Amino acid sequence: MFKDHPLFSMENVYRAYRQCRRGKRRTVNAMRFERNLEENLVSLHEELSSGLYLPGRSVAFLVEKPKKREIFAADFRDRVVHHILVGHLEPSWERRFIHDSYACRKGKGTHAAVDKVRFFTRKVTANGTRKAWYLQLDVRGYFVTIDRNILFERVSRTERDPAVLWLLKALIFNEPAEKCLLRNASRSDFESLPPHKTLFKAAPHCGLPIGNLTSQFFANVYLDALDQFVKHELKAKYYARYCDDLVLLSARREELEHMEREIEAFARRSLRLKLNDRRRLRPVADGIDFLGYIIRPGYMLVRKRVVGNCRAKLKQLEKKIVKKEHGVDLIQYRPEVALRVNNIISSYWSHLSHASSCRLKDSLVNRYGFIKDFGENINLTRPRRFYSLSVQYDFFRDSIARLCYGRDDTGQFYFDCPPSLIFFRVGNFYAFLGRDIKTAAELFGLNIRGEKVGFPVSSELKYARIACSAGYSVYVIDQRKDINFTYGLLPRTLAGKYLPESPQ
């Protein structure tokens, strides 16, 4: 049917597969597809070329945060097809989209949208010297209420290729709710969602599944008509959109009230969409609650809900990694935990760094002391190759000595080296080498044998309590038998840190 069509060529299918697997290669679906990669790619190419391709079953599940909603995860082979279609349509539609649409577009995103709205607040208020207003709108149940007939008609106006139109129909009019697999939820859980929040209750020929690349792209295509109306018909000077969240600013309240009526009428008439009742029309000085930030002309704050989620996540992590062991605190650095903690902290710190949050970050670090410890020590959880036990020992000793730093009364940066010891595991013993031999022998009352001194691993807690009571921090360096280098010593990484008392 579409034999030799360049869109469905093996080269294009393979290119889409390479794009699709980015960041997803370790998922079960991706590994299952790669197990018979050549056969699956050829089969997909033949189905597309012959016009016999049909989307497979999606996996439906619920997420609770930031609010409860359903997600439909398409099968990996279907996601490859999504990349084929979007890769073809995106270049031409990118030239049509307005500049200030920021969702799911290259070079855009949430922070770019927030920065632009903040720029608008400064422009419309003349850097905070005059009063201005903002109008914030969003669509009620946007993805579930998209009319697929209107969507297909909009895309087909500019697309004449029969192969593209056929694939558009196959994906747009697919009904994922009819044949999906439910994961960690029952049908009643989905039925409990409001009608405008679930595809199981969507009107005929309405709704796109949240979670697909095509849905994100089609969501921008569908609201592009509204963008063009606001910019070219209403002549809105300060307008930005992220998905279905719209922000307009003006020096005149009456102008925004007029725009609100016109936008609501256009959305209902041309797109069959309904705006949410919780719209905001307020002074810019009150702050615009947009994409996790409170935006004002002079500064930005982090949304209270984001701060609350951050504190809850840190409290949850603290319970997992900080253990009380008979008077001393043990911070655990298991590899999988270290990676998770680093990812979570990096994510929240990145979000906070875009706002005025120095005091907030300081308060979090003071309350959750493991944040600073993980930031300083995360590099020591990465295995390295060494050829000498003494060199390996000295690496950890020297690295730990350089971790602690501070600032004096004049603000000058300096290294602070509080007393610390490392429990360096060698077989079933913790050993001390080099300049630590004498210190450990005197502190623990151990006998020096040759060029090292140590104690059995089973006595770890006993000697940790002695060291902590003497004012030492103890770093436990453990062997990693799960990693085998072809040559060099057995890898060792930081596994835990004992402190005299819990961080307050």
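Begin with the aromatic rings: a search of the whole structure finds 32 aromatic pairs, a pair being rings of Phe, Tyr or Trp (its six-membered ring) with centres within 6.5 Å, called stacked with planes under 30 degrees apart, edge-to-face over 60 and tilted for the rest. The model is a predicted one, in which local features need pLDDT of at least 70 and side-chain atom pairs count only at pLDDT 80 or more, whereas totals for chains, interfaces and linings use all residues. Residues are numbered from 1 along each chain as its sequence is written, and side-chain values use heavy atoms, with hydrogens and water left out.

Select Tyr-17 and Phe-76. Their ring centres are 6.3 Å apart and their planes stand at 75°, so the pair is edge-to-face. The pair links distant parts of the chain, with Tyr-17 in helix α1 (residues 10-20) and Phe-76 in helix α4 (residues 76-94), 59 residues apart. Helices are DSSP runs of H or I with at least four residues, and strands are runs of E with at least two, numbered from the N terminus. Both Tyr-17 and Phe-76 are buried (under 20% relative accessible area; exposed is over 50% and partly exposed in between, with a 1.4 Å probe and protein chains only).

Next, select Phe-395 and Phe-396, an edge-to-face pair with 5.2 Å between centres and 75° between planes. Phe-395 is partly exposed, at 21% relative accessibility, whereas Phe-396, at 1%, is buried.

Proceed to the charges over rings (NZ of Lys or CZ of Arg within 6 Å of the ring centre and within 35 degrees of the ring normal). Arg-183 lies over the face of Phe-61, 4.3 Å from the ring centre. The charged end of Arg-367 sits over the ring of Tyr-368, at 4.3 Å from its centre.

Now select helix α5, residues 110-124. Its buried residues are Ala-113, Val-114, Lys-116, Val-117, Phe-120, Thr-121 and Val-124. Viewed down the axis of α5, these fall within an arc of 165° (taken from the directions from the helix axis to the C-beta atoms), so they line one face of the helix. After α5 comes Ala-126, with a positive phi near 55°.

Finally, display the largest nonpolar core, of 142 residues, in which Leu-48, Tyr-142 and Phe-370 have the most contacts. Such a core is a set of buried Ala, Val, Leu, Ile, Met, Phe, Trp, Tyr and Cys residues joined through side-chain atoms within 4.5 Å. Helix α10 (residues 213-233) supplies the largest share of this core, 10 residues. Apart from this core lies another, of 11 residues, including Leu-62 and Phe-200.

Key: The expected span of a helix is 1.5 Å times one less than its number of residues.
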